[in-house]
Amino acid sequence: MRELTVIMTGLAFPEGPRWYDGYLYLSDMYGREVFRYRDGLGVESVGTVPERPSGLARAANGDLLVSSMLDRRIVRFRDGEPETFADLRELCPGPVNDMTGDGRGGVYVGNFGFDSESPDGVMAPTRLVHVSADGDAAQVGDPIMFPNGSVVTDGGATLLVAETFNCRILAFDIADDGTLGNRRDWAVFHEMQTEHDLAEALGSGSILPDGICIDRDGALWIADAGGQDAVRVKQGGEILDRVPAPEGRAVFAVALGGDAGDTLFLCIGPVMGSDDPDAARAGSLAACRVDVPGA
C-alpha cells in the first residue's frame, strides 16, 4: 500500500490535472477556479472560469488553455483573465470536458454528448473536436459514448481516449491534418451487451475510465469513475498496479509529474452520485510515488 500525501483539500470537484514546467495545474470544476501547485511553494490560483473549467492544455506560445464547460468554449489565460480561443457551440451538443494537447499547439476535446443541465437530456454518442493552433475547430473521428481523458502518444501518431460509458480505452491514428482514423480498442474492461447502454455500464461493476495519463513504458494510469481506484493498465487491459482512494472517495483524474516524473497526482472526490460536490467541498488533490515515470 502506498502512502498518499494530501496536497489540497476543500475542492468541489478537482479535474484535468497536467504537469507543465515544474507545476501541477488542475481545475476545480464546480469551484470554477484553476489552480497550480509546486512542491515547496504551495498552491496558488491561476484564475476563474465562471462556466466551469475542466480539461487543460497549452497553446503553441505556452498560454494555458482551459475547456469552459457550460458555454462550450476553449479559453486561454492571459494576465489572469480567460479569453476565447475557440467557440465550440456548433460542434458540441453538450458541455465540453477533458482535453489534451496535440503536440502542435492545438487540442483534442471531448463533450458530454447531451445537455446535462436539461431534465430531458438523454446521453448519446458524440464526437471529439480538434482545435488547431490557430483556433480552427472541426469534429473528428467516429462517435464515442462520453469521450473523457485522452493522451497523444507514439510521437504524435496515436490518440488514446477513455470512452467512459462503453468501459474501454480507444485508439485512433492521427493524420497530418489532425483528423482521426483507424479506430480500435486499446483496452476493454467490460464487453457491452448493448452498445451505448448507460444503465448497463453503471451496473456492470467494471472500470469506467475517466482521466488518464501515460508512463514511460506505454502503460496508462486510469482513474476509475466507477470504483475507488487509480489503476495502471497495459495495452489489452491487464491491470499492473493499483492505488486506492480513501474510503468513500473515488479517483476521477490522474497525472504524472514531479521533478523525476514519478509522482502520481490524483484528483479525488465523493463517489459518483453520493454528494452535491458544490456544497460538500469534499474534493482533494493527493500524490504518491510510483515505479515508472511519466512519458
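This talk describes the fold, the nonpolar cores and the salt bridges of one predicted protein model.

Some conventions come first. The model is predicted, so local features require pLDDT of at least 70 and side-chain atom pairs count only at pLDDT 80 or more, whereas totals for chains, interfaces and linings use all residues. Residues are numbered from 1 along each chain as its sequence is written, and side-chain values rest on heavy atoms, with hydrogens and water left out.

I begin with the overall architecture. The protein contains two helices and 24 strands; these are DSSP runs numbered from the N terminus, helices being H or I of at least four residues and strands E of at least two. The radius of gyration is 17 Å, close to the 19 Å that the globule rule gives for 295 residues, so the protein is as compact as a globular protein of that length. That radius is taken over C-alpha atoms, and the rule is 2.2 Å times the number of residues to the power 0.38. Along the principal axes, the C-alpha atoms fill a box of roughly 45 × 40 × 40 Å.

Of the 295 residues, 56% count as buried. Here buried means under 20% relative accessible area, exposed over 50%, and partly exposed in between, with a 1.4 Å probe and protein chains only. Contact means heavy atoms within 4.5 Å; among contacts between residues at least 6 apart in sequence, 43% join residues at least 24 apart.

I turn now to the interior. A nonpolar core is a set of buried Ala, Val, Leu, Ile, Met, Phe, Trp, Tyr and Cys residues joined through side-chain atoms within 4.5 Å. Which members of the largest core touch the most other members? They are Leu64, Val66, Ile74 and Leu88, out of 24 residues. Several strands each supply at least two residues of this core, including S3 (23-28), S7 (64-68), S8 (73-78) and S12 (126-131). Beyond its neighbours within four places in sequence, Val66 is in contact with a set of residues that includes Ser27, Val34, Leu56, Ile74, Phe77 and Met99. Another core, of 16 residues, lies apart from the largest one; Met29, Phe114, Phe146 and Cys167 are among its members.

The last topic is charge pairing. Side chains of opposite charge can pair when their charged atoms come close. With a salt bridge defined as a side-chain nitrogen of Lys or Arg within 4 Å of a carboxyl oxygen of Asp or Glu, a search of the whole structure finds 20.

Consider Arg58 and Asp21, whose closest N and O atoms are 2.5 Å apart. Arg58 is partly exposed at 30% relative accessibility, while Asp21 is exposed at 61%.

A second pair is Asp173 with Arg184, at 3.1 Å from N to O. Asp173 belongs to strand S16 (residues 168-174) and Arg184 to strand S17 (residues 180-188), 11 residues apart. Both are partly exposed, Asp173 at 30% relative accessibility and Arg184 at 29%.

Arg73 also forms a salt bridge, with Asp71, at 2.8 Å from N to O. Arg73 is among the residues in contact with Val66, and is itself partly exposed at 21% relative accessibility. Finally, a network of salt bridges links Asp63, Arg76, Arg78 and Glu83.
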